[in-house]
Every structure is written in structure tokens, then in C-alpha cells.
Amino acid sequence: MAWWKAWIEQEGVTVKSSSHFNPDPDAETLYKAMKGIGVGSQLLSNQAAAFTFPSSTLTSGSPWGHSRCIPAGTNEQAIIDVLTKRSNAQRQQIAKSFKAQFGKDLTETLKSELSGKFERLIVALMYLPYRYEAKELHDAMKGLGTKEGVIIEILASRTKNQLQEIMKAYEEDYGSSLEEDIQADTSGYLERILVCLLQGSRDDVSSFVDPGLALQDAQDLYAAGEKIRGTDEMKFITILCTRSATHLLRVFEEYEKIANKSIEDSIKSETHSSLEEAMLTVVKCTRNLHSYFAERLYYAMKGAGTRDGTLIRNIVSRSEIDLNLIKCHFKKMYGKTLSSMIMEDTSGDYKNALLSLVGSDP
């Protein structure tokens, strides 16, 4: 499934809106689940005193939440049960109810009560989608060094409308232009391809392809790379970033006939480093977006150590779009399920929250 089609695949969603949703009891459950504000709370004590329940009823099945009225310590499982089983829109309503009932910001309270990778995952769930992606881009550029892979991943895999929303959220939250920050933080042909991708010029959902233009583009790519000593990088960048996805698929076919090798092989031989990664990512997202994200998730966990930022970002951002379809491609490509690899590579509440977001195996 190419990237421009993936945004309408409803069967791909792993996290759906909860039926019969009411944000108020969810907010109360979260309040009780967190030790720093729940222990000794006069409000909870008053509520508990007003009713007499057998102790067995004060559990996850009761109207009082997932734990006893006055919990000892943070009940991480209650937090997982609420926040990973509600849509992002519902989480925003829970946050509003939390502040209205208890006078505290839910995200800041979660930050104060949780820690480590589990905190990072749960806090990620609380961001509005475009604000979360804007944050990921900002974090990739702040401080020493730039995480080019994060920038490439987001810019190459989003549609024009989504990129516009991300740019708007970025400027609102950080007071600067995303394009200008990318220009300030990168250089050379990498800077050029990232700025070109940010324009969203590949966004064309029509299936029309001009065979003559596709052939010409394929010939131009061959002339810009394999046919000459050196590489005309701008020709590659212009075609990859300004042609529609359906058109590019035809270009890739024609290119292979001319060059007797895939466009991917030519990019690998003609470019290197982050520019190579950016061009290959455009090609991968054009061919099959779900396979691309399956690959990102696999290599986030393969080998020594886990790239938790990549793992969290892609599971959170795709859970309400196409994670089920990504899971299917993951199993076909690697012979194991995404959830089994998460179980092997993570632990504790962090693992449980990830598995809850991923859902059952295909």
C-alpha cells in the first residue's frame, strides 16, 4: 500500500474510540491511580465515607476506578487501562475533565508520577497528533547534533495536509518556522531534499500517469546518475519530491528497464549518508508505506539496545491510522509478530503499555 492510500484504511486502526465513553470517571480513575495526589486526598476520603462497599467491589469493575479509593503508590496498570484504550480525542476530553475536577494538568501530573521510558510513552499519548510530531521534529534538532532520521521519517511519510498541520503546530508551540529551523540545522543536498519534502508536492491521489513523462523522468534519472561520472543530486531530488506517488511508481518501473537495476540500488551507489537515507525513504514510502514502518519498528528493536524513541513514535502515531496493517507486513517480512518482538525487547509497564497499543496478533 503506497503512502497516499494508507490514510483511509479504517481496518488499520488498533486504538479506537471507547464506546459509552464518559471522561469524568476516567479522569477520577487516573487521579486515584497516582500516589502523589491521591494519598490522603480529602476529596477521595469524603467520597469513600459517603458509601459503604465490600472491599471486593472496589476494584477495576467498580464505579470508583481500577484500584482502592485511596491507593498506596502509583497504579500503573490503571493508567495503561485508561489511556491506551481511548482514542486521542477521548484522551483530550479526559485531560479537560481532570483539570476541571482536580485543578491539575493531567500531562504534568503524569510526568511527576511516572519515569523513564514508560513516562515517555504515556506522555506521548497525551499530545494532539500534530503537536506530538512537531515536538519530535523540534527534539530532533535541539541541542548538540541533529537526528536526521527522525526528520526524514516524518517528512517523507506524511501528506501535504498533514505537513501543513505539523508546520502550524510547530510555529505555535516553538515560535519559529519549521522550514527555517531545518535550513539552519542541516546543509547541502540533505537540506534541499528536506525542504522540498516539506512542500508536500507529491500529494496527488489521482491514478492518472503520463507514460511519456514517466519515461522521460526515468531517462533523466539514469542520465543524472548511472550514465555519468558523479551524480546530479538535484535531478534526483526534484523528481522524487515533486512527482505524484502513482507517477513515481511508473518511473521506477521504466528506470529498471533502462538501467538494469532498481532505483534503490542506484541511489545506494550514487549517494551516501543522510541524503541516501532520505532518497531511499521516499522510494520506500512510495512503494509501500506499511512495509516502511514495519522496517522502522523492526530495526528499532533488532540487535543490541532498543531505539525507544523510534519505537514509541511509530506505535503512538500509527495506532489510530494503520498499525494493524503494519503488523501484517511485519509478520510477512520478518517471520515473527510485532508483539512477540516487543515482549522480547522491552519489560515492565513500558512493555505492557506498548502491547496494549499494538493489540492482538494478526
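## Exercises on a predicted model

With a relative accessibility of 1%, Met301 counts as buried. The model on which these exercises rest is predicted.

### Exercise 1. An annotated site

Determine where Met301 lies and which residues it contacts, leaving aside its neighbours within four places in sequence.

*Solution.* 

Step 1. Met301 belongs to helix H18, which covers residues 289–301.

Step 2. The cut-off for a buried residue is under 20% relative accessible area. Met301, at 1%, is therefore buried.

Step 3. Apart from neighbours within four places in sequence, Met301 is in contact with Thr306, Leu311, Leu338, Met341, Ile342 and Asp345.

Step 4. The UniProt record, an unreviewed entry, places the feature "binding site" at Met301, Gly303, Gly305 and Asp345. These positions span 45 residues in sequence, yet no two of their C-alpha atoms are more than 9.6 Å apart, so they gather at one spot.

### Exercise 2. An aromatic pair

Classify the ring pair Tyr31 and Phe102 by the distance of its centres and the angle of its planes, and state which helices the pair ties together.

*Solution.* 

Step 1. The structure holds 10 aromatic pairs. The ring centres of Tyr31 and Phe102 are 3.8 Å apart and the planes stand at 15°, so the pair is stacked. The cut-off needed here is that planes under 30 degrees apart count as stacked.

Step 2. Tyr31 is located in helix H1 (residues 23–33) and Phe102 in helix H5 (residues 88–102), so the pair ties together parts that are 71 residues apart in sequence.

Step 3. Elsewhere, one aromatic cluster is formed by Tyr298, Tyr299, Phe330 and Tyr334.

### Exercise 3. Salt bridges of Arg131

Identify the salt-bridge partner of Arg131 whose closest N and O atoms are 2.6 Å apart, and then the partner that it meets at 2.9 Å.

*Solution.* 

Step 1. Side chains of opposite charge can pair when their charged atoms come close. The cut-off to apply is a nitrogen to oxygen distance within 4 Å, and the count comes to 19 salt bridges.

Step 2. Arg131 forms a salt bridge with Glu172, with 2.6 Å between the closest N and O atoms. This pair links distant parts of the chain, as Arg131 is in helix H8 (residues 129–141) and Glu172 is in helix H10 (residues 160–174), 41 residues apart.

Step 3. Arg131 also meets Asp173 in a salt bridge, at 2.9 Å from N to O. Here, too, distant parts of the chain are linked: Arg131 in helix H8 and Asp173 in helix H10, 42 residues apart.

Step 4. Relative accessibility places Arg131, at 27%, in the partly exposed class. Glu172 is partly exposed at 47%, and Asp173 is partly exposed at 33%.

Step 5. A further salt bridge joins the side chains of Lys336 and Glu344, at 3.8 Å from N to O. Lys336 counts as partly exposed at 28%, while Glu344 counts as exposed at 58%.

Step 6. A network of salt bridges links Glu136, Glu153, Arg296 and Arg313.

### Exercise 4. Cysteines

How many disulfides does a search of the whole structure find?

*Solution.* 

Step 1. A disulfide is a covalent bond between the sulfur atoms of two cysteines. The cut-off used for the sulfur pair is within 2.5 Å.

Step 2. The search returns 0 disulfides. For Cys196, the nearest cysteine sulfur belongs to Cys241 and is 5.0 Å away, and Cys196 is in no disulfide.

Step 3. Cys196 is partly exposed, its relative accessible area being 25%. Cys328 likewise counts as partly exposed, at 31%.

### Exercise 5. The setting of Ser274

Is Ser274 buried or exposed, and in which helix does it lie?

*Solution.* 

Step 1. Ser274 lies in helix H17, which comprises residues 273–287.

Step 2. At 14% relative accessibility, Ser274 falls in the buried class.

Step 3. Its contacts, leaving aside neighbours within four places in sequence, are Glu148, Ile152 and Leu190.

Definitions and conventions. Residues numbered from 1 in each chain as written. Predicted model: local features only at pLDDT ≥ 70, side-chain atom pairs only at ≥ 80, totals over all residues. Heavy atoms only, no water. UniProt positions renumbered as here; feature names shortened; annotations may be inferred. Helix = DSSP H or I, 4+ residues; strand = E, 2+ residues; numbered from the N terminus. Buried < 20%, exposed > 50% of the residue type's maximum accessible area, 1.4 Å probe, protein only. Contact = heavy atoms within 4.5 Å. Phe/Tyr/Trp six-rings, centres within 6.5 Å; stacked < 30°, edge-to-face > 60°.
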